[in-house]
Amino acid sequence: MTETEAVVEQEMLDLAPLHEILEEYKHEKGAVIPVLQKAQGIYGWLPAEVMEAIARGMNVPLSQIYGVVTFYAQFYLTRRGRHIIRQCDGTACHVRGAGRIIDIMEKELNIKAGETTPDYRATYEVVYCLGSCGLAPVAMVDNNVVGHLVPERMVEVVRELD
Ligand code: FES
């Protein structure tokens, strides 16, 4: 098996956990959103294959599933990184140098804000207030708030991620 084939095989979706969820919700009318949320919790995003399985399992048209997923910003139609980094560039963070951190992080990760690294290690997003203005400039790295940032510290935090 070539290396590429091995990666493709590794990345094949295991739909078994999704089928368990569908089994649990199949008689609940209007449970499309919680099912989509749970599915996204498993896969990190909503691949077409997952949405097709949900449409079949919930007995709703695929167009309806797409309608819900594209309406709510909480759902993702493209694959995201293993780590989600959200840099705040709201007013308090901006005046304390968030712009420079963003520039340096774009160079460090070699992507633009809003993108995911080609190896899916990280998704880098810019948001506009994380509700921790007293710690500005602030970022969230997965579920951790990292405050009083300077670019060097941010680079260090990101290099420590697996
Ligand atoms: S502006 Fe950055 S946390 Fe509020």
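Reader: Leaving aside neighbours within four places in sequence, what is I65 in contact with?

Author: In this predicted model, I65 has contacts with V32, L36, M51, I54, A55 and V60 once sequence neighbours within four places are set aside. Each of these counts as a contact because heavy atoms lie within 4.5 Å.

Reader: Which residues have the most contacts inside the largest nonpolar core?

Author: That core has 23 residues, and I65 is listed with L18, L36, L46, V50, I54 and M58 as having the most contacts inside it. At least two core residues come from each of helix 2, helix 3, helix 4 (48–58) and helix 5 (62–71). Helix 4 gives the largest share, six residues.

Reader: What does the second, separate core include?

Author: The second core has 17 residues, including I85, L149, V155 and V157.

Reader: Why is helix 2 called roughly antiparallel to helix 3?

Author: Helix 2 (residues 16–25) and helix 3 (residues 32–43) pack at an angle of about 160 degrees, and their axes are 10 Å apart. Angles over 145 degrees count as roughly antiparallel, and helix 2 is therefore described as roughly antiparallel to helix 3. The crossing of helix 2 past helix 3 is right-handed.

Reader: What makes the contact of helix 2 with helix 3, by class, nonpolar, polar or charged?

Author: Helix 2 contributes P17, L18, I21, L22 and Y25, while helix 3 contributes P34, V35, K38, A39, I42 and Y43. By class there are ten nonpolar residues, no polar residues and one charged residue. Lys counts as charged, whereas Pro, Leu, Ile, Tyr, Val and Ala count as nonpolar.

Terms used. Residues are numbered from 1 along each chain as its sequence is written. This is a predicted model: local features need pLDDT of at least 70, side-chain atom pairs count only at pLDDT 80 or more; totals for chains, interfaces and linings use all residues. Side-chain values use heavy atoms; hydrogens and water are left out. Axes are lines fitted to C-alpha atoms, for helices over the stretch in contact, and angles run from 0 to 180 degrees between N-to-C directions. Helices (H or I, at least four residues) and strands (E, at least two) are DSSP runs, numbered from the N terminus. Angles under 35 degrees count as roughly parallel, over 145 as roughly antiparallel, 65 to 115 as roughly perpendicular and the rest as oblique. A crossing is left-handed if the near helix is turned anticlockwise from the far one by less than a right angle, and right-handed if clockwise. A nonpolar core is a set of buried Ala, Val, Leu, Ile, Met, Phe, Trp, Tyr and Cys residues joined through side-chain atoms within 4.5 Å. Buried means under 20% relative accessible area, exposed over 50%, partly exposed in between (1.4 Å probe, protein chains only).
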